Amino acid sequence: MIPNLIDTTDLTEKEIRYFLRVAQAFSEAVKKNQSLKILEGQTVVNLFFENSTRTRLSFEMATRKLGGGVMSFSASSSSVKKGETLIDTAKTIQAMRPHALVVRHASAGSPHVLSKFLTIPVINAGDGFHEHPTQALLDAFTIEQKLGTLSRKKVVIMGDIAHSRVARSNINILKKLGATVAVCAPPTLLPPSPQVLGVEAGYRPEDVLPDADVVMMLRVQFERQNKMQIPSVEEYSRYWGLNRERAALLKPGAIILHPGPVNRGVELDPDVADSDRSVILDQVYNGILVRMAVLAVLCQPEHLQQWLKKEGHHV
């Protein structure tokens, strides 16, 4: 039983595979327009202290597709503005008897802290520079959907690695599923010792793209930087953006991912973002399926198992 989803470090390959197989089972059920009532009578609260489009909406849709209710609110409209602490806010929410809390916060470790005070499942929807577990799960799901397996595939992550929680979570999950991971960015946007993460590191896209099966582009996160860490947006785009010429270096069958939001013309040219190699919109849809899986596994594991057996899924 998995009580919370806080980070990817402690997830085993078996647990990761279970989430992905449940997501696949839900994918087949949705295609058949099956009624899914695994979360019927349950309420999920989305507590977002940072702006979000994809993550927030997909958690809302995932909850509703499973027959559950959802409450969403942002810090800007809560008592946090009056000085209420994060823990007191979460305890107040728990007193209303919801069944899970999805939290996004700018401070690394905040979901972990909340999990120590709450008795309901806590799901990390992104915490500072730290992690974004469901994004990494949906990325792995999308890659295997398109390429069949992650085993022995090479994934190149390009962009603002130093400030990216998506990169950290992806590195953990991709490696556990058998992929080789390389990161590529200007030196100022790489961690001081990227090899500690167990990845290859490069500074020139032209050196790493030809061997890539998957390219995951990341935006430059100016809001998380203490100061400007690139000379200019234009120079960054010229030397590290994935334009048509660099995309031509990719081997046949290679795919391009981006967690969004995409800064068109900066890290990714519009022609490339909209090309046949791009699976960005597939990621968006798969985010619903994967978050359905996470909610079902954490909130109703026994009910989920009954449904899987009934539908003939051996996961």
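# A tour of the helices and cores

Select Leu86, Ile87, Ala90, Lys91 and Gln94 in α3, which meet Ser110, Val113, Leu114 and Phe117 in α4. By class, this contact of α3 with α4 holds six nonpolar residues, two polar and one charged. Keep in mind that the model is predicted.

Now show the whole of both helices. Helix α3 spans residues 86–95, and helix α4 spans residues 110–117. Their axes come within 10 Å and cross at roughly 50°. That angle is why α3 counts as oblique to α4. The crossing of α3 and α4 is right-handed.

**Next stop: α1 and α11**

Select residues 13–31, which form helix α1. The axes of α1 and α11 come within 8 Å, crossing at roughly 115°. This crossing, too, is right-handed.

Colour the contact residues. From α1, pick Tyr18, Phe19, Val22, Ala23, Phe26, Ser27 and Val30. From α11, pick Tyr285, Leu289, Val290, Met292, Ala293, Val294, Ala296, Val297 and Leu298. The contact of α1 with α11 has 15 nonpolar residues, one polar and no charged.

**Into the core**

Which residues have the most contacts inside the largest nonpolar core? Select Phe26, Leu66, Leu137, Ile157, Met292, Leu304 and Trp307. The core has 73 residues.

Zoom in on Leu137. Leaving out residues up to four places away in sequence, Leu137 touches Leu5, Ile16, Phe19, Leu20, Ile173, Val290 and Val294.

Another core lies apart from the largest one. Select Leu250, Ile256, Leu268 and Val272, which are among its 18 residues.

**Last stop: Ser169**

Select Ser169, found in helix α6, residues 165–176. Is Ser169 buried or exposed? Its relative accessibility is 0%, so Ser169 counts as buried.

Show what surrounds Ser169. Setting aside neighbours within four places in sequence, Ser169 is in contact with Thr8, Glu131, His132, Pro133 and Ala136.

Finish by selecting Gln135 along with Ser169. The two are 34 residues apart in sequence. In space, Ser169 and Gln135 are 7.9 Å apart, C-alpha to C-alpha.

Conventions. Residues are numbered from 1 along each chain as its sequence is written. This is a predicted model: local features need pLDDT of at least 70, side-chain atom pairs count only at pLDDT 80 or more; totals for chains, interfaces and linings use all residues. Side-chain values use heavy atoms; hydrogens and water are left out. Axes are lines fitted to C-alpha atoms, for helices over the stretch in contact, and angles run from 0 to 180 degrees between N-to-C directions. Helices (H or I, at least four residues) and strands (E, at least two) are DSSP runs, numbered from the N terminus. Angles under 35 degrees count as roughly parallel, over 145 as roughly antiparallel, 65 to 115 as roughly perpendicular and the rest as oblique. A crossing is left-handed if the near helix is turned anticlockwise from the far one by less than a right angle, and right-handed if clockwise. Contact means heavy atoms within 4.5 Å. Ala, Val, Leu, Ile, Met, Phe, Trp, Tyr, Cys and Pro count as nonpolar, Asp, Glu, Lys and Arg as charged, and the others, Gly among them, as polar. A nonpolar core is a set of buried Ala, Val, Leu, Ile, Met, Phe, Trp, Tyr and Cys residues joined through side-chain atoms within 4.5 Å. Buried means under 20% relative accessible area, exposed over 50%, partly exposed in between (1.4 Å probe, protein chains only).
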